[in-house]
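Welcome! Have a look at the picture, then read on.

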Amino acid sequence: MHDGMPVVVTVREIIDETPTIRTIRFDHPFSIRPGQFCMVWAPGVDEIPMGYSSPDTITVQRVGEATAALTSLAVGDRLGIRGPFGNGFSPEGRLLAIAGGVGVAPLYPLAAAGVVETFILGARTAEELTFATPLAALADLRIATDDGTAGYHGFVTGIIDEEIDLSSYDTICVCGPEMMMKGILDRLDAAGIAGRGQFSLHRYMKCGVGVCGSCSIDPDGLRVCKDGPVFTGDQILNSEFGVYSRDASGRKKRP
Amino acid sequence: MHDGMPVVVTVREIIDETPTIRTIRFDHPFSIRPGQFCMVWAPGVDEIPMGYSSPDTITVQRVGEATAALTSLAVGDRLGIRGPFGNGFSPEGRLLAIAGGVGVAPLYPLAAAGVVETFILGARTAEELTFATPLAALADLRIATDDGTAGYHGFVTGIIDEEIDLSSYDTICVCGPEMMMKGILDRLDAAGIAGRGQFSLHRYMKCGVGVCGSCSIDPDGLRVCKDGPVFTGDQILNSEFGVYSRDASGRKKRP
Amino acid sequence: MITLQKGPVHIGGITLHNHLILAAGVLGTTGASLGRMLRLGAGGVVTKSIGPEPKAGHSGPCLIPLNGGLLNAMGLPNPSRDYLDEITHLRDEPVIISIFGGTPEEFGEVASWFADTAVGFELNLSCPHAEGYGAAIGADPAIVRACTEEVAAYGIPTWVKLTPNVTDIGVIGRAAEEGGASAIVAVNTVRGMRISIDLRRPVLGNRFGGISGPMIFPIALRCVYDLYDACSLPIIGCGGVSSAEDVIEMMMAGASAVQIGSAVYDDIAIFEQIAASLYADDGLAADEIVGCAHA
Amino acid sequence: MITLQKGPVHIGGITLHNHLILAAGVLGTTGASLGRMLRLGAGGVVTKSIGPEPKAGHSGPCLIPLNGGLLNAMGLPNPSRDYLDEITHLRDEPVIISIFGGTPEEFGEVASWFADTAVGFELNLSCPHAEGYGAAIGADPAIVRACTEEVAAYGIPTWVKLTPNVTDIGVIGRAAEEGGASAIVAVNTVRGMRISIDLRRPVLGNRFGGISGPMIFPIALRCVYDLYDACSLPIIGCGGVSSAEDVIEMMMAGASAVQIGSAVYDDIAIFEQIAASLYADDGLAADEIVGCAHA
Ligand SMILES: Cc1cc2nc3c(=O)[nH]c(=O)nc-3n(C[C@H](O)[C@H](O)[C@H](O)COP(=O)(O)OP(=O)(O)OC[C@H]3O[C@@H](n4cnc5c(N)ncnc54)[C@H](O)[C@@H]3O)c2cc1C
Ligand SMILES: Cc1cc2nc3c(=O)[nH]c(=O)nc-3n(C[C@H](O)[C@H](O)[C@H](O)COP(=O)(O)OP(=O)(O)OC[C@H]3O[C@@H](n4cnc5c(N)ncnc54)[C@H](O)[C@@H]3O)c2cc1C
Ligand SMILES: Cc1cc2nc3c(=O)[nH]c(=O)nc-3n(C[C@H](O)[C@H](O)[C@H](O)COP(=O)(O)O)c2cc1C
Ligand SMILES: Cc1cc2nc3c(=O)[nH]c(=O)nc-3n(C[C@H](O)[C@H](O)[C@H](O)COP(=O)(O)O)c2cc1C
Ligand code: FES
Ligand code: FES
């Protein structure tokens, strides 16, 4: 066991991505693999998991107290970072990335590394699309919005069904709302290539380092923070994934 | 701070050197510099400092409870060793070694390394001479006994005065009773070469690692266990050396 | 190195696969996680501590690795009665239900939920960082005795887990013994905290927490040694165990078995790792070494 | 990193060269050794604890380095009244006399020997491993108060050093305050032990001992933090301090100065080392950070 005290960083830049999503740039880059995450300490509020959207940024969607604190930070404010944690993605061969909403954050470093061939980016509505401009320069970008305000009108699974030959990709990296990810896993499974899918999961995390057990998933007890957050499709077939998760107390809830 | 638990060794051989001195060989060699010492744990009795007489031996004179326990050990018995500790000798150029009694123990590894030109070995009486046979093969050995039963009749300082040109040696390594060592320091000092003397001191030791302070010497507070046990003559000129020492409680006593 | 005989272990009324038990609150939030640890070689597992009401726990940070240990203040998050569902599929396994509460009655209430199915209970009288719970209770011999009696009344083996954060742990151990405990687990985490000097505030959301891992091993060992003299119950040593040597050392101090928590941080396969060097066909019976350092 | 202003420090009635004090019993057997530590940058030094009678201490082993700490049971060796001679040449230096005893009267007796010359006393109410002395006394608020009163009566600054091995250190701190202490030193060593598994016996001659060094830093920090809330006396933090960051962290918890003991094991020049990064011309006044983590 080695010193894992939070590294205190100073906010150097704040970028409004969408009305609810902001990117926060620190004065300190971390040495990350795409898909790894950190535990972000909003002092006096809480510590929550966040994917790295680059070595020195996180990209936060405001959903509750801690994310509200983070999206209210100003340049010069300080916060604590523990990480990088988790396994990250294992890109290989032709790579398709599929992001829903703020799920684009941990996938962005893959695209920035130039390894993504096709990037499907989904959001509720046009103004919630995140990183669309840089992504267009980094990959063959396909956009889907639920309300049709940009790109394909519908869910990302719709684009896939209509435009994409999943089996032509060696690796399919996915992050987004669990029901979206489940839809993709079902399609990969149907095509017999669940193992090519790499899904970045979200579960309630307290320690982030594989000790407390709060992020364990059924039925194998895999820890999302340490054994994940990225799992291959065959690891999570027939699991709680897409069916339920647990809250801070450990009680089950629908996804 | 790193694990410094005693290494438990098994006695492999016991050699009767004299009626009161025994060499104890372990099943485990230590990586030593000549003149270093260890803290020897006689289980249930005490832990006391002992010079290494070789990488896997100590040579113990029975003087009290702990040394009685050590000299009563049988082959197969176990004891604990912490060490090696201390600085050891720094041999350079022509080397004269001067030992009184069991003080030969820490000097023997120097001779075994072949760096001693002249070795003066003193004891009370012939049968108390330790390591005389091997030393005769390793160096120009001169013997002195207080009672004249072997070699020169008198103290080692007598041999020095009559037979030795101290200033022809670059290094003079000394270990033995403090009054003997003091006599040699006085002669080196008179010759203006106190700095060539390297004296292995004995002081009451509890921790052996430079923390407790029980082995500190006046007036500079040097720790015999850590800054020593070997000091050059000029380090201990005008010190408590040869004047007094302290007992286990820290009270002063004559040497 | 001394090795031990393999085979089932009977201690404090519970039969374990071996001497190495997963400590409470570590990878014990779900039944699936406990099942995984059993598959990974744990001789028995203790659940997350379950209380009378669901709790979300303290706000974060909740756990910080230190050099040589972990500092945590989880705040006893638990699903309360819902936990029953987690462990139904582990009915035949040595799963020990850890219970906490604010009063003897609360301990009894939680125990009642599990009384039909549990192979044993462990009373967490020792969590040092949950307001109104834990150490406040675990430092008072009368309350320790009352809580133990309340749960022991169900006739199921009842282990009592003690805090090291008391002046005299022997007194508390004797109170548990008088209350009808079948074994003592020693110890829970040691009180501690760290401050982020850059942010000028305690690094845990709860400010204070408990220290576990190798840095508390000599403290835990001393508690086990003291309890071996003070009580006649079997003792399960807990605190910083991370190697087969540590297990032997705990046993020599007086432990009949050990619990292992923080060591999963470095290696989730720690149970198999330790067992690989701890057990041998020509190993000793544990009896031969338990408490031998008292001779 | 935060830095502090250089310059003399006034705390608990004593003026120190800086905030870094040599802890009791470490390199404090002789006056010469204390003098060396002052030359090596200590802002003040505390002597070996002096008792009513000379003591040779426990038989060895007396001190064992561990990973991240030291385990010791010296057994309070001391020359008793003879110690007066050790420190006459340090009359103008901040040398604090550490005292232990078995009763308030014994504390008073030892204090009387030094009352003419001492700049301050520190009461060792906390040594966890001397039978009849130390922790037995330091865990009882009434005795702590009585010992403090006895020594404070000499009108010389009286620091009281506490043991962490109690259920509630705040209660003990308040007792010292009521007894007239001018500062609190927190903490002494943490109870612990180790066993040699090859020899099947405790590794210390005294079996039990006290742990010091980095492994107790989070424990000591917590005690300082608790005492800052419980008492209004200045606090001197002690336990595992080995870097300038540790000093700052202790101060943020509530310490006005620190004591350093075990860190001399790795480097006898530790005081200069720490001072080199702790102090700067544009440093803060310590007041600005003492206790700031309580905000
Ligand atoms: C590995 C991982 C990476 C993530 N990456 C990002 C990211 O890059 N950008 C982003 O905006 N969000 C990310 N999240 C989600 C983010 O952690 C939650 O939105 C955040 O914790 C909500 O906290 P809150 O206090 O604002 O909301 P709350 O009101 O406390 O909770 C809202 C919901 O967020 C989830 N949540 C709350 N606390 C936690 C927690 N400690 N651990 C996990 N989930 C929690 C729960 O589902 C909860 O119902 C990630 C989550 C995980 C597990
Ligand atoms: C660096 C060093 C190297 C030594 N090397 C050897 C050696 O190679 N062979 C050898 O026979 N002796 C050696 N000694 C001396 C040896 O340590 C003592 O003879 C031994 O400690 C006596 O212990 P005892 O219990 O038998 O006697 P006791 O009756 O306890 O004491 C007899 C005398 O031994 C000295 N002594 C006792 N305990 C200690 C202690 N803890 N530390 C230092 N001195 C003590 C005191 O002067 C005491 O008056 C060495 C001492 C030192 C400091
Ligand atoms: C993250 C974490 C959570 C814990 N939760 C509990 C708990 O719920 N109940 C309990 O009795 N002990 C709990 N403990 C204490 C452990 O069971 C154990 O007593 C302690 O960690 C010392 O053992 P170790 O050093 O092997 O970890 C917890 C410890 C940790 C690290
Ligand atoms: C070898 C040794 C001897 C000690 N002797 C004393 C003593 O005589 N009186 C006392 O009050 N504390 C004594 N202590 C405790 C220290 O003063 C200090 O409280 C403790 O070591 C924690 O600080 P550290 O981690 O900086 O060493 C001793 C500690 C050590 C390691
Ligand atoms: S968050 Fe603690 S194990 Fe994953
Ligand atoms: S024996 Fe402890 S300092 Fe030398």
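## Around ligand 4

Ligand 4 has 23 residues around it, and those that come nearest are Ala24(D), Ser49(D), Lys161(D), Gly240(D) and Ser262(D); a residue counts as near if one of its heavy atoms lies within 4 Å. By class, this shell holds nine nonpolar, 12 polar and two charged residues. Here Ala, Val, Leu, Ile, Met, Phe, Trp, Tyr, Cys and Pro count as nonpolar, Asp, Glu, Lys and Arg as charged, and the others, Gly among them, as polar.

## How the model is read

This is a predicted model, where local features need pLDDT of at least 70 and side-chain atom pairs count only at pLDDT 80 or more, while totals for chains, interfaces and linings use all residues. Residues are numbered from 1 along each chain as its sequence is written, chains are lettered from A and ligands numbered from 1 in the order in which they are written, and side-chain values use heavy atoms, leaving out hydrogens and water.

Which side chain has an N or O atom 3.1 Å from a nitrogen atom of ligand 4? That is Asn124(D). The side chain of Ser49(D) places an N or O atom 2.6 Å from a nitrogen atom of ligand 4, and the side chain of Ser262(D) has one 2.6 Å from an oxygen atom of the ligand. Taken alone, ligand 4 exposes 600 Å², and the protein buries 98% of that (areas come from the Shrake-Rupley method with a 1.4 Å probe).

## Chains that stay apart

Chain A and chain B are joined by no contact, meaning heavy atoms within 4.5 Å; their closest C-alpha atoms lie 15 Å apart. Chain B and chain C do not touch either, with their nearest C-alpha atoms 11 Å apart.

Technical notes:
Polar contact = N/O pair within 3.5 Å; in protein donor to acceptor, adjacent residues only side chain to side chain.
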